[in-house]
Amino acid sequence: MIEDDPDLLQCILMLLEQEAVPRSALPLPLSPDLDPLYLTGVVEVEERGYGDFYRLQNLIYARFLAQHFTPGRVGHLLAMAGRWDSAIDYLEASIQQGNPQSRIDLLSATINSIYASQDLAQAVHFLQRGLSAAFGVREAQIWHCPPQENHLRLINPSQANLKDELPPNLQITLTADRLETRAYRQRVSLRGLEVEQRVTRAIPLIIPGEKPFGVATIVEEFVRDLFLEPRERDLLLVGFLNQAARALHTVGVRRQELALAGRVQASLLPDEPPQPPGWQIAAAWRPARETAGDFYDFIPLPDGRIGIVMADVVDKGMGAALLMALSRTLIRTYAADYPDEPERLLHVVNQRIIADINSGLFVTLFYGVLDPSSGLLTYCNGGHPPPQMLLPNANGLLTEGLFRTGIPLGISEDAIWERAIVQIPRKGMLLLYTDGVTDVQNREGDFFGERGMLEVARANSRRTAPQLLDALISSIYAFAGAEPQVDDITLMLLQRGTVRRLKNKI
């Protein structure tokens with residue numbers, strides 16, 4: 001049970017390091033009704049005035065678990081679970097304890113971690129970790145020659161994406177007389193000068209049948225390896241880097257494909273929001289990666305009405321992008337058939353998603369039919385964060401949530417949704433968003449939340465819809481600071497103005 005759950009394993013490791021650990025500090029489910037660690041039977045609970053503390057039942061359990069969960073075994077289990085950084089930590093500790101088998105496990109885990117990377121920067125992070133842990137390489141630079149270019153570009157793990165224009169020290173023309181470029185052109189490993197018991201080597205990253213992916217520049221100290229002879233070590237190092245080259249190439253190709261998919265996906269979004277008389281409508285879409293699961297849409301309907309779509313595929317990557325495209329197409333296909341019945345639209349779209357995809361993915365969806373002349377909005381909310389109605393009042397700005405009227409799409413073919421109707425009054429606004437907005441975190445781990453979103457809306461309630469939307473986006477990124485964006489951010493604002501009445505001429 002413990003070996004099958006990396007979070008339980010982490011709990012056991014924490015308990016082996018410390019005599020007692022607060023339950024709140026353990027990576028356990030938040031629900032008090034589900035405590036898998038307690039179900040293992042190896043812990044006891046000690047109630048203290050400021051919370052529950054867990055400890056191992058007795059010394060026999062502690063000794064058995066310590067002998068069983070050695071660094072090598074823990075590293076292997078974490079690698080199987082895809083916890084790559086932690087796996088490399090434990091496998092490196094096992095190597096340092098004199099277990100040569102852990103080197104092979106570490107090299108395998110490193111290659112797998114590269115294949116699983118989201119981008120080249122993350123892949124190089126794992127490659128550098130593997131070189132350090134398995135071979136003692138303390139300095140390593142990975143250079144890449146992009147297709148159709150005549151430069152080697154340094155892949156910097158601290159950067160999510162490389163810009164087109166790089167400083168001179170981050171790129172080298174292939175004709176330059178540098179150790180890296182000579183190794184690349186000749187497709188052989190080259191040694192540089194030895195300085196203070198350190199030597200620089202440039203090793204081409206070979207891909208069979210193609211030009212090299214790039215070059216690895218490593219700086220090594222003359223330290224004797226306890227487990228490998230120098231020639232055996234070099235053969236293992238070069239073989240490892242050639243495997244890494246294939247993995248890096250795969251990540252690079254996948255990124256190019258995702259970038260193309262992202263451009264296609266962005267083309268599916270509306271060029272501009274509609275602007276019916278007496279209304280201002282604005283929308284913003286900020287994907288966290290090349291492709292996104294969020295999408296929005298405006299669908300022309302009979303009698304000047306507009307179908308309003310705000311949706312979020314609950315997944316990441318290509319699968320989410322494909323379901324996003326399918327969902328958008330299905331909604332547009334059937335919207336005209338059910339202009340007055342959004343609940344039937346969600347039903348038929350749900351049936352098609354389950355029949356056509358059946359992948360376990362699901363979509364949260366808010367769909368409403370807006371009548372601009374009356375301000376009436378007939379809607380269904382399939383598990384989506386409740387849009388907020390912002391209503392001007394003598395005491396400020398009141399809010400009213402358009403709550404869920406059913407579950408997300410793609411879960412159950414028997415699901416049903418209820419229809420609801422609200423009216424957006426003059427000077428009122430409707431703010432739609434995805435959970436990527438409220439789930440933004442800052443460095444301290446605080447969430448931007450619905451409260452932060454509404455505070456910005458209240459502070460900018462007298463501004464136009466585009467201005468208010470810009471203020472929200474700016475506030476979100478200011479709140480996050482240097483923290484990376486981990487989820488798509490999508491916002492939409494429907495703002496209804498006042499109608500000027502002309503006086504009758506006498």
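**Exercise 1. Describe how the side chains of strand S17 are arranged, and find the strand paired with S17.**

Solution. Buried means under 20% relative accessible area, exposed over 50%, and partly exposed in between (1.4 Å probe, protein chains only). Strands (E, at least two residues) and helices (H or I, at least four) are DSSP runs, numbered from the N terminus. Next, look for the partner: four bridges join S17 to strand S14 (residues 376-382), and the two run antiparallel. Two strands pair if DSSP finds at least two bridges between them. In this pair, Leu376 stands opposite Gln423.

The model is predicted: local features need pLDDT of at least 70 and side-chain atom pairs pLDDT 80 or more, while totals for chains, interfaces and linings use all residues. Residues are numbered from 1 along each chain as its sequence is written, and side-chain values use heavy atoms, without hydrogens and water.

**Exercise 2. Give the strand order of the six-stranded open sheet, name its edges and find the helix that packs on the sheet.**

Solution. Step one is the order, S6-S5-S4-S9-S8-S7, with antiparallel pairing. Step two is the edges: strand S6 (171-173) and strand S7 (190-195) each pair on one side only. Neighbouring strands of this sheet are turned by 20° against each other on average, direction ignored. Step three is the helix: H9 (residues 230-267) packs on the sheet and touches S4, S8 (198-205) and S9 (214-221). The direction of H9 makes about 45° with that of S8. Axes are lines fitted to C-alpha atoms, for helices over the stretch in contact, and angles run from 0 to 180 degrees between N-to-C directions. Contact means heavy atoms within 4.5 Å.

**Exercise 3. Locate Asp119 and list what its side chain reaches.**

Solution. Asp119 is in the loop between helix H6 (101-115) and helix H7 (120-135). Asp119 is buried yet has no salt bridge; Arg255, the nearest side chain of opposite charge, is 4.1 Å away. A salt bridge is a side-chain nitrogen of Lys or Arg within 4 Å of a carboxyl oxygen of Asp or Glu. Lys and Arg count as positive and Asp and Glu as negative; His and the chain ends are not counted. The side chain of Asp119 does reach the backbone nitrogen of Ala121 at 3.2 Å. A polar atom of that side chain also lies 2.7 Å from the backbone nitrogen of Gln122.

Technical notes: A polar contact is a pair of N or O atoms within 3.5 Å; within protein, one must be able to donate a hydrogen and the other to accept it, and residues adjacent in sequence count only if both atoms are side-chain atoms.
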